[in-house]
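Subject: Structure handover

Hello,

Here is the structure I promised to pass on. Please open it alongside this message.

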Amino acid sequence: MRQNKAAGGRRLAVLLLSLILALGLLTACGTNGEISDDGTAESNNDTAVITLKDLPPYDGQRYVELNGNKPSFTDAELKEAKEAYKFFGDLDKMGRCTVAQASLCYSEMPDQKREERGDISSVHPSGWHSGMEWERMHLIAWALSGENANPQNLITGTHDCNYNAMRILEGRTARYLEDNPRKHVLYRVTPIFSGKELVARGVQMEAESVEDKGRGLSFNVYCYNVRTDGAVINYKTGAVDSTAVTGQAQKPNNKRVYILNTNSMKFHYPSCSGVADISDWNKKKVKATRQELIKQGYDPCGMCEP
Ligand SMILES: [Zn+2]
């Protein structure tokens with residue numbers, strides 16, 4: 001009974017938030033969002049306000065539906081989406097991503113058998129720190145768009161958000177495009193920052209299949225950019241305190257688990273996407289300090305920057 005009431009209250013909160021978000025995004029898309037200290041975002045040229053306050057706090061669910069899972073695209077945007085395009089909003093004054101929007105279609109997707117994802121290690125998104133297990137998180141996934149090292153499309157994200165939330169929705173989108181190679185999906189990802197924080201609290205993901213008016217694919221969700229292992233994120237700076245996980249402060253002289261590539265002589269965090277590409281012959285799991293590995297001739301991977 002109590003549970004139901006809470007769920008109802010939360011649905012209402014999410015609905016309210018979505019209405020606010022929807023109003024904001026209709027006008028804010030493509031503009032340079034200005035975000036005030038109290039966790040509200042205002043675009044520069046209108047009265048749109050996005051607020052995080054009404055969003056349910058993270059309770060173990062990796063993403064929640066907004067506005068009854070209905071995206072907030074305008075008729076004009078849906079009409080325009082009959083042809084493929086990609087749009088990436090300018091970084092704001094603090095160097096943060098603003099929005100990525102695209103009309104996706106099968107012919108624009110990279111052929112994953114022949115093309116390889118490019119090196120994105122040159123991009124250091126706002127809040128990025130080496131040695132904190134951050135991942136460069138695409139707003140619009142490479143697999144959907146072929147976008148590689150585009151600073152307007154990469155934010156500082158957690159493995160939990162990247163793999164356990166965003167990837168589920170990305171996979172759903174990819175399957176629709178593969179099954180409907182002549183159709184389009186209008187797709188928008190908006191990172192949500194609080195105040196002047198450098199790391200996004202989460203991302204809103206919206207998608208609608210264009211030609212069948214959302215019957216094939218339609219969603220509007222908020223994915224939490226959180227760590228589920230107890231490490232504490234300082235969203236203002238991007239520093240991560242993993243004392244609760246390791247029992248020790250994250251110092252370079254502490255032992256932890258790394259994955260070695262004994263062929264390329266690189267070491268990775270176990271969560272690095274590069275680990276999947278290492279053949280079993282060359283893969284080795286070790287517990288060591290960073291210095292020990294460097295002394296043995298290993299270099300830190302440029303992607304996960306362990
Ligand atoms: Zn790596």
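Below is what I found in it, section by section.

**Ground rules**

This is a predicted model: local features need pLDDT of at least 70, side-chain atom pairs count only at pLDDT 80 or more, and totals for chains, interfaces and linings use all residues. Numbering starts from 1 along each chain, as its sequence is written.

**Confidence**

Mean pLDDT (the predictor's confidence in each residue, from 0 to 100) is 84 for the protein, and 81% of its residues reach 70 or more. A contact means two C-beta atoms, placed from the backbone, within 7 Å. Residues 19–50 also stay under 50 in pLDDT. For that stretch the model has 64 contacts beyond four places in sequence.

**Overall make-up**

The protein has 6 helices and 17 strands. These are DSSP runs, numbered from the N terminus: helices are H or I with at least four residues, strands are E with at least two. Of the 306 residues, 38% are buried. Buried means that 20 or more other C-beta atoms lie within 10 Å of the residue's own, again placed from the backbone; exposed means 12 or fewer, and partly exposed is in between. Take the contacts between residues at least 6 apart in sequence: 68% of them join residues at least 24 apart.

**The cores**

A nonpolar core here is a set of buried Ala, Val, Leu, Ile, Met, Phe, Trp, Tyr and Cys residues joined through C-beta atoms within 7 Å. The largest one has 49 residues. Ile140, Met166, Val185, Val203, Met205, Val221 and Cys223 touch the most other members. Several elements each supply at least two residues of this core, among them helix 3 (142–145), helix 4 (159–179), strand 9 (184–192), strand 10 (202–209) and strand 11 (218–224). A second, separate core of 9 residues includes Ile259, Leu260, Cys272 and Cys304.

Look at isoleucine 140 in particular. Not counting residues up to four places away in sequence, isoleucine 140 touches Ala100, Ala102, Ser145, Glu147, Asn153, Tyr187 and Val189.

In strand 9, 9 of the 9 residues are buried, so the strand is largely enclosed by the rest of the structure. Both faces are covered. One side carries His184, Leu186, Arg188, Thr190 and Ile192; the other carries Val185, Tyr187, Val189 and Pro191.

Strands count as paired if DSSP finds at least two bridges between them. Strand 6 and strand 9 pair antiparallel over 6 bridges. Alanine 100 stands opposite valine 189 there. Strand 9 and strand 10 are also antiparallel, over 8 bridges. Proline 191 has valine 203 as its bridge partner in strand 10.

The pairing continues. Strand 10 and strand 11 pair antiparallel over 7 bridges, and glutamate 208 partners serine 218 in strand 11. Strand 4 joins strand 11 through 3 bridges, again antiparallel. Tyrosine 63 stands opposite cysteine 223.

Helix 4 has 21 residues, which should span 30 Å at 1.5 Å a residue; its end C-alpha atoms are 28 Å apart, which agrees. The expected span is 1.5 Å times one less than the number of residues. The helix bends by about 45 degrees at arginine 167. That bend is the angle between axes fitted to the seven residues ending there and the seven starting there. Buried residues of helix 4 include His159, Cys161, Met166, Leu169 and Leu177.

Threonine 158 lies in the loop between strand 8 and helix 4. Threonine 158 is buried, with 25 other C-beta atoms within 10 Å. Leaving aside neighbours within four places in sequence, threonine 158 contacts Glu135, Asn225, Val226 and Arg227. Threonine 158 and serine 271 are 113 residues apart in sequence, yet 9.8 Å apart in space, C-alpha to C-alpha.

Finally, 4 strands form an open sheet in the order 16-14-15-17, with mixed pairing. Strand 16 (283–288) and strand 17 (299–300) stand at the edges, each with a single partner strand, so one side of each is left without a neighbour in the sheet. Strand 14 (residues 256–261) runs antiparallel to strand 16, joined by 6 bridges. Valine 257 stands opposite lysine 287.

Best wishes
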